[in-house]
Amino acid sequence: MPVTDDARPPLDDVRLRDQTGPFWRPRIVAETGSTNTDVAAACEGEREGLVVLAESQTAGRGRLGRAWQSPPRAGLALSVLLRPTVDVARWGWLPLLAGVALAEAVRAVAGLEAGLKWPNDLLLDGRKCAGLLAEVPQPGAVVIGIGVNVSLAEDELPMTPSGLPATSLQLAGARSVDRTELAVALLHRLHDRYRQWHAAGGDPEASGVRESYVRLCATVGREVSVSLPDGSALTGTATTVDTDGRLIIAAPDGTPRPIAAGDILHLR
């Protein structure tokens, strides 16, 4: 049965502007190729806090250039502009920090036990429901894009190149699929996490973001296979995430291996 427009109402511009606080400046567009591209194009001379939300995103991007698409009004697609003044070496924590904010928002609004697959996928019952992508379009600026499957039906779910099955909040039994409510909750938590991290000079320990990420990370404690950028592979047990945001893998001989980039497969 086709989904009606009534079942997928538009984002509420008034609620977004009134409820997200003075830091954020939300803009809703009916359709765009990529909200990340839109924010990157607008960031020249723009102060941090710009948010672009799209009712329909036709060429969204994930990690490694992977596509992220969703039917109109079926997902939450947004990108934010941040201008951190902490040491750029700490910026790698921003997508992880955003993942924490997203998981917290989904738990609060949807009532689901959301977890994080390192580095930046949101999982529900082992299925991918959302992804994040951080980019640096110019010096001093970071754009973080977030795409969430909200009300997609089984036959609308995107393919995941890693083979990880997909889901949506609705399919997972969310108590609410109000995209405006989710966006408001996400932006509040993202601002809180960003402010704490920034006040701590980007220190993931002092800001509490590392502890929260490890607690929410469904990869930690799992046996995993890692496809590394050089084409090699590593199998072992994910033990933690270090202060640089790297996943620590205990190799079969017990040697700890820090992983800064790679595709992770949960084995069990």
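1. In strand 9, Val143 is the bridge partner of Glu135. Strand 8 (residues 127–135) and strand 9 run antiparallel and are joined by 6 bridges; strands are DSSP runs of E with at least two residues, helices are runs of H or I with at least four residues, and both are numbered from the N terminus. Two strands are said to pair if DSSP finds at least two bridges between them. The model is a predicted one, in which local features need pLDDT of at least 70 and side-chain atom pairs count only at pLDDT 80 or more, while totals for chains, interfaces and linings use all residues. Residues are numbered from 1 along each chain as its sequence is written, and side-chain values use heavy atoms, with hydrogens and water left out.

2. Where does Gly145 lie? Its place is in strand 9 (residues 142–149). Gly145 is buried, because its relative accessible area is 9%; buried means under 20%, exposed over 50%, and partly exposed in between, with a 1.4 Å probe and protein chains only. Beyond its neighbours within four places in sequence, Gly145 is in contact (heavy atoms within 4.5 Å) with Asn36, Leu78, Ser79, Gly131, Leu132 and Leu133. Ala233 is 88 residues from Gly145 in sequence, and the C-alpha to C-alpha separation of the two is 28 Å.

3. Axes here are lines fitted to C-alpha atoms, for helices over the stretch in contact, and angles run from 0 to 180 degrees between N-to-C directions.

4. How do helix 3 and helix 4 cross? Their axes come within 8 Å and cross at roughly 140 degrees. Helix 3 is therefore oblique to helix 4, given that angles under 35 degrees count as roughly parallel, over 145 as roughly antiparallel, 65 to 115 as roughly perpendicular and the rest as oblique. The crossing of helix 3 past helix 4 is right-handed, that is, the near helix is turned clockwise from the far one by less than a right angle. Residues of helix 3 in this contact include Trp93, Leu97, Ala101 and Val109, and those of helix 4 include Leu182, Leu186, Leu190 and Trp197.

5. The largest nonpolar core has 65 residues, and Leu76, Leu122, Val148 and Leu169 have the most contacts inside it. A nonpolar core is a set of buried Ala, Val, Leu, Ile, Met, Phe, Trp, Tyr and Cys residues joined through side-chain atoms within 4.5 Å. Helix 3 (residues 93–110) gives the most to this core, with 13 residues. Apart from it lies another core, of 7 residues, among them Cys43, Val52, Ala141 and Val143.

6. Strand 10 (residues 223–227) and strand 11 (residues 233–241) are joined by 5 bridges; Val226 has Leu234 as its bridge partner, and Ser227 stands opposite Ala233. Strand 10 also pairs with strand 14 (residues 263–266) in the antiparallel sense over 4 bridges, where Ser225 has Leu265 as its bridge partner.

7. Strand 11 pairs with strand 12 (residues 247–250) in the antiparallel sense over 4 bridges. In strand 12, Ala250 is the bridge partner of Thr237, and Ile248 stands opposite Thr240. Strand 12 and strand 13 (residues 256–259) likewise pair in the antiparallel sense over 4 bridges, with Ile248 opposite Pro258.

8. Which glycines take a positive phi in the hairpins? In the hairpin of strand 10 and strand 11, with 5 residues between the strands, Gly231 has a positive phi near 95 degrees. In that of strand 11 and strand 12, also with 5 residues between the strands, the positive phi of Gly245 is near 80 degrees. The hairpin of strand 12 and strand 13 has 5 residues between them, and Gly254 in the turn has a positive phi of about 90 degrees.
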